[in-house]
Amino acid sequence: MKWIIPVSAFLFSLNTFAQTNALKNTSVPGCRPVFEKNKKAQMENSRQKGEKNVMGTDLAIAGTSPLTGFYRDGFCSTGKDDNGVHVVAAILTDEFLQFSKSRGNDLITPMPQYNFSGLKAGDCWCLCASRWKEAYDAGVAPPVKLAATHQKALEFATLEELKSSVKP
C-alpha cells in the first residue's frame, strides 16, 4: 500500500504539469501545437530523423521566419498526422496566395486565435503537395526550394515539374 499513494501523487503531478504546459502552446490551423521554448530542439530533432529531399539528400530547413512545417519545426517533414502532406517548400507569390484563397485556403488573413499572422509573397511555407500540383497545373505554382522539399512530394509531382518552378 505504501507505493500506491506515491504513484498516484506522481500521476496527479504529471497530469497537472501537462495541463499547465498545454496552456503555453501555440498552434496554427490544421497543425498540432508547438512549444515555443522548444523550437530549436524540435529543429534539431527533425534534422536527426534522416529524412530526404526530392534529390535524395538530407532534407534542408525550409524556413523559420515565419516558422513553417506541419510540425512547426522549420522542415517540410511529414508523418501519420499530416493528412495534407505539407512537404513542398515553396516561396510564396501573390498569384499563388490568391489562387489558394480562391480554393478555400486563405493563407493571407491573420488569425490571432491560432497565433497565425498571415503570409505574404516572399515567405517560404511548406505547402500541401496536392495544392502545389493543382497550382502547377493551373500555371500559378510558386517556386520551390528543392533541398527543403520532402521526397514524399514525388508522389504528387515529378522532379521535372518541381524543378521547372525553380527560379534561375
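Student: Which residue's side chain is joined to that of His150 by a polar contact of 3.0 Å?

Tutor: In this predicted model, the side chain of His150 makes that polar contact with the side chain of Glu51.

Student: Where does His150 lie?

Tutor: His150 is in the loop between helix 4 and helix 5.

Student: Is His150 buried or exposed?

Tutor: Buried means under 20% relative accessible area. His150 has 7% relative accessibility, so His150 counts as buried.

Student: What is His150 in contact with, once its neighbours within four places in sequence are left aside?

Tutor: The list includes Glu51, Lys52, Asn53 and Val54, and also Cys76, Ser77 and Thr78. Leu59 and Val87 are in contact with His150 as well.

Student: Where is Thr149, and what does its relative accessibility say?

Tutor: Thr149 lies in the loop between helix 4 and helix 5, with helix 5 covering residues 159-164. The relative accessibility of Thr149 is 0%, so Thr149 counts as buried.

Student: Which backbone atom does the side chain of Thr149 reach?

Tutor: The side chain of Thr149 reaches the backbone nitrogen of Ala89, at 3.1 Å. Ala89 is also among the contacts of Thr149 beyond four places in sequence, as are Val87, Val88 and Val144. Lys52, Asn53, Val54 and Leu59 are in contact with Thr149 too.

Student: How should I read the buried residues of a helix?

Tutor: Start with the general idea: an α-helix has 3.6 residues a turn, so residues three or four places apart point the same way. Now take helix 3, residues 94-102, where Phe96, Leu97, Phe99 and Ser100 are buried. Seen down the axis of helix 3, these buried residues fall within an arc of 160°, so they line one face of the helix.

Student: What do the buried residues of helix 3 pack against?

Tutor: They pack against strand 4 (124-128) and helix 4 (129-138).

Student: Which exposed residues does the face turned away from the buried side of helix 3 carry?

Tutor: That face carries Asp94, Glu95 and Ser102.

Student: How far apart are Ser130 and Val88 in sequence and in space?

Tutor: Ser130 and Val88 are 42 residues apart in sequence, and 9.4 Å apart in space from C-alpha to C-alpha. Ser130 is in helix 4. At 41% relative accessibility, Ser130 counts as partly exposed.

How values were computed: Residues numbered from 1 in each chain as written. Predicted model: local features only at pLDDT ≥ 70, side-chain atom pairs only at ≥ 80, totals over all residues. Heavy atoms only, no water. Buried < 20%, exposed > 50% of the residue type's maximum accessible area, 1.4 Å probe, protein only. Helix = DSSP H or I, 4+ residues; strand = E, 2+ residues; numbered from the N terminus. Arc of directions from axis to C-beta. Contact = heavy atoms within 4.5 Å. Polar contact = N/O pair within 3.5 Å; in protein donor to acceptor, adjacent residues only side chain to side chain.
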